[in-house]
Amino acid sequence: MAAIEIEHLKKSFRIYADQGHSLKEKVLSSRRRRYEKRVVLDDVSLQVKKGEAIGLVGKNGCGKSTLLKLMSRILYPDSGSVKLEGRVSSLIELGAGFHPDMTGRENIFTNASIFGLTHKEIEEQLEDIIAFSEMQDFIDNPVRTYSSGMYMRLAFSVAIHVGADILLIDEILAVGDAAFQAKCFERLMEIKGSGTTIVIVSHSMAQLERICDRTIWIENGKIRMEGAPNDVHPLYLEDMGKRRQLSKSNQPEREEPKNSPARWTDICLLNADGERITKFRTGDTVTLQLQYEADPKEAEEALIGLALFRADKALCYGTNTQRERLQPIRLQEKGVVRCTFSPMNLVAGTYWFDVGLRRMDMFAYDYAAQAVRFTVYNTIDETGVTRLEHTWDFSCE
């Protein structure tokens, strides 16, 4: 059975060119009443099964958050219908439902009652909510004294303890320290395993790939594509990459290092056939190709460093030619350096390389942040960063 049924949903907003702030201004100036009707969602239909976790992706302004607010009934559609089965808990706006002058403990009772819990039910869950949020030392302080991370801890803890059948999350997990984010994800996986339906909006492909069974790509208010994250994300990221390249073509190129005798001219990934790629399967052979220009008379012997990051900015791997005890590089007028990974055993997700060209004393000739961004896909649902080669033996003794 479906936990969420959305049929032919439409939603638009009025964008006023010059909206008056007082009744007098609105009455005297007809121009202030002129507005543009902007369609945010246009005939969207989808179903979410009970216990399914789906992710919503798309560029800013495409309608993701509006769709989530329609599901939570913060907003209502112009036409179409939204049907939800069971209790709904939402984390859409940080600190929504919290009163700044009330303590954290008082806000737990207020916020949980909004989700439909009785006073007795809240008392039964109170200690668990406080313990999960790790806010024991601050729970009796006014929440106006909390940082954004503390807000998130408390709000998330309340939302996951209300026994919801449907959990709606909008980018809120981008707030907070790495340790608590990891704790939240572990708890989300437990909640999903218990049969709770989850809908999450995020720009982090790594987050969605760890949680979601299905990704829905929204573009200009319509569903452009839906399917398994490993099928949707490579195409979505490829499209975003094309948009970035088009944007860059209309902007000045990256500023070259001043007074530097060496610089990168091109950085890309190649497959085993020498073709440029931006996506590949776990276990493929992949080559990072680096092209540079230098003034051999001015440039001293150099080293090359690289750092591999996941989409959530976690450092996955870092090295340089000096650490690997390779000979210093004598830079030519033009040169190509290739680093081949065979196999490249990253698990499915989105990653990028930072690449540095440095003197042996670590002075930077050039440093390219997010020099090449790529997606790894796989049919196997693995977690972590890398696949460890292994075999299974099920023989009986």
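**Close-up views of a predicted model**

The structure holds zero disulfides, a disulfide being a pair of cysteine sulfur atoms within 2.5 Å. This is a predicted model, so to speak: local features need pLDDT of at least 70, side-chain atom pairs count only at pLDDT 80 or more, and totals for chains, interfaces and linings use all residues. Residues are numbered from 1 along each chain as its sequence is written, and side-chain values use heavy atoms, with hydrogens and water left out.

View 1. Cys-62 is buried, at 2% relative accessibility. Cys-184 is buried too, at 0%. Here buried means under 20% relative accessible area, exposed means over 50%, and partly exposed is anything in between (1.4 Å probe, protein chains only).

View 2. A nonpolar core is a set of buried Ala, Val, Leu, Ile, Met, Phe, Trp, Tyr and Cys residues joined through side-chain atoms within 4.5 Å. The largest one has 46 residues, and the members touching the most others are Ile-108, Phe-156, Leu-167 and Leu-188. Helix 5 (residues 148-160) is the top contributor to this core, giving nine residues. Helices (H or I, at least four residues) and strands (E, at least two) are DSSP runs, numbered from the N terminus. Zoom in on Leu-167: leaving out residues up to four places away in sequence, Leu-167 touches Ser-89, Ala-159, Ile-160, Leu-188, Ile-191, Thr-196, Thr-197, Ile-198 and Val-199. Contact means heavy atoms within 4.5 Å. Apart from this core lies another, of 31 residues, with Ile-267, Leu-308, Leu-346 and Val-372 among them. As a rule, nonpolar side chains in soluble globular proteins tend to be buried together.

View 3. The strands come in the order 2-1-4, with antiparallel pairing. Strand 2 (35-49) and strand 4 (79-84) sit at the edges with a single partner strand each, so one side of each has no neighbour in the sheet. From one strand to the next, the twist averages 25°. Angles run from 0 to 180 degrees between N-to-C directions, and axes are lines fitted to C-alpha atoms, for helices over the stretch in contact. Strand 1 (residues 2-16) and strand 4 run antiparallel and are joined by five bridges; two strands pair if DSSP finds at least two bridges between them. If you want a landmark, Lys-10 has Ser-79 in strand 4 as its bridge partner.

**View 4. Helix 2, lying across the sheet strands.** Helix 2 lies across strand 1, strand 2 and strand 4, and runs at about 120° to strand 1. Six of the eight residues of helix 2 (residues 64-71) are buried, so the rest of the structure largely encloses it. Those buried residues are Lys-64, Thr-66, Leu-67, Leu-68, Leu-70 and Met-71. Thr-66 has a relative accessible area of 13%. Setting aside neighbours within four places in sequence, Thr-66 is in contact with Lys-11, Phe-13, Val-40, Leu-41 and Leu-75. After helix 2 comes Arg-73, with a positive phi near 65°.

**View 5. Gln-181 in helix 6.** Gln-181 belongs to helix 6 (residues 178-193), and at 18% relative accessibility Gln-181 counts as buried.

**View 6. Strand 18 and its partners.** Strand 18 (residues 364-377) pairs with strand 12 (residues 279-281) in the parallel sense, over three bridges. In that pairing, look for Arg-281 opposite Tyr-377. With strand 17 (residues 349-359), strand 18 pairs in the antiparallel sense, over nine bridges, and Leu-357 stands opposite Asp-366. Strand 17 and strand 18 form a hairpin with four residues between them, and Met-362 in the turn has a positive phi of about 80°.

View 7. Most residues other than glycine have a negative phi, and most peptide bonds are trans. Asp-43 has a positive phi, near 60°; this residue lies in strand 2 and is partly exposed, at 40% relative accessibility. Gln-370, in strand 18, has a positive phi of about 50° and is partly exposed, at 43%. A cis peptide bond, with omega about 0°, joins Ser-342 and Pro-343. Pro-343 is in the loop between strand 16 (334-341) and strand 17.
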